[in-house]
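Here is a short briefing to read alongside the model.

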Amino acid sequence: MTTIPATWMRGGTSKCWVFRRDDLEVPGVDLDDVLLALFGSPDSRQLDGVGGATSTTSKAVILAPSAHEGIDVEYTFAQVGIEEAKVDWGSNCGNCSAVVAPYAVRSGWVAATGDRTSVRVLNTNTNQLMVQQVATSAGGLDDTPTTTIPGVARPGARVDLGFVAPAGRSTGALFPSGERTDLLAVEGRGISATLVDAGAPVVVVRAEDFGLSGSETPAQLDEQRGLLSTLDELRRAGAVAMGLASERPLAERAIPKLALVAAPNRDQQSNGAVLVVRMLSMGKVHPALPITGSVALTLAARAAGTVVADLLADEGWAASDEFVMLTPAGTVATTYSVVDGQEVVSAVRTYRRLVEGHIELPLTARQPQDLESASA
């Protein structure tokens, strides 16, 4: 039986299996097939693998030390399909990004320096540079749980994530269509949407355009299958307009994401939030907020004429370097700054190492045709 060394970690509001790039090189077996077999896909329960059967727990982080000047670690993210025999390589995961710096310091790839150690990380999916900072002491990683974030019940060790010059990493432009607001056709009507690419490509629409307040729970939205179908069709229309797909059926499941936005109402405990967000990921509502999505919303909020900026203007909001969003799990805040002439959007996440060990890979890896028949 072939075994693959792996570390199971929580990063932000996601859980991911962390692999060293070389350890996933299995002779004669495609990397996608290796991951699908390890995670137990396709299967809605991922019963015969280590996947968690949700979009936030069927994720892989693949790492290697970098030989490039100014980069410490190269990080590739994989969203492993659950019911589909498919691995999506088209996006980054901001929450899973939080495990990279601690893994690198613990592994000795980056030397600890003082109380805080910076790690320069290149996400290879989007060519996004991230500067991450973790606590260190006595020449090693300090993973004392000091910080609580919305969506995670217990405190974790803090990671500061800075997305450097995040605009246009997937498409080449902050607003790939050339417009700050587009009219997308879905089910015979036009919906005003902002198509923004920063951190991740996101289609942003007002919740009220779908008869929603924006305060609905993920469960309340997920049970509305007709609504989810409409939103996914709109998301696919956005993918075409952004140049991410040539036609709607060819749009990836993971990108672009779709955000429903609204203003906080007076009955909500907004805790300083100026925007309410419900974001779809892999066909369902995210239990909190993808951090890459929060980066996109941050830059959209600062650009006049977008759906986000117009909504905030209606509420009398003036652009601030701190941007607070209300999610199903609580508030998420980002910070905007300009460093050496480059925009940086920062967020605080936490991490925890859960398991260190090996995962057994089936002796006979399934071939692509076997995977397709299993998902039929």
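Buried means under 20% relative accessible area, exposed means over 50%, and partly exposed lies in between (1.4 Å probe, protein chains only). This is a predicted model, where local features need pLDDT of at least 70, side-chain atom pairs count only at pLDDT 80 or more, and totals for chains, interfaces and linings use all residues. Residues are numbered from 1 along each chain as its sequence is written, and side-chain values use heavy atoms, with hydrogens and water left out.

**Helix α5**
- Helices (H or I, at least four residues) and strands (E, at least two) are DSSP runs, numbered from the N terminus.
- Helix α5 covers residues 225-241, and its 17 residues should span 24 Å at 1.5 Å a residue, which agrees with the 24 Å between its end C-alpha atoms; the expected span is 1.5 Å times one less than the number of residues.
- Among the buried residues of α5 are Leu-227, Leu-231, Asp-232, Arg-235 and Arg-236.
- The cover over the buried residues of α5 includes β10 (182-186), β11, β12 (200-206) and α4 (218-222).
- Just after α5, Gly-243 has a positive phi of about 80°.

**Thr-230**
- Thr-230 belongs to helix α5 and counts as buried because its relative accessibility is 9%.
- Beyond four places in sequence, Thr-230 is in contact (heavy atoms within 4.5 Å) with Val-186, Glu-187 and Phe-210.

**Gly-190**
- Gly-190 sits in strand β11 (residues 189-198) and counts as partly exposed because its relative accessibility is 44%.
- Not counting residues up to four places away in sequence, Gly-190 touches Leu-183, Leu-184 and Ala-185.
- Val-18 is 172 residues from Gly-190 along the chain, and their C-alpha atoms are separated by 42 Å.
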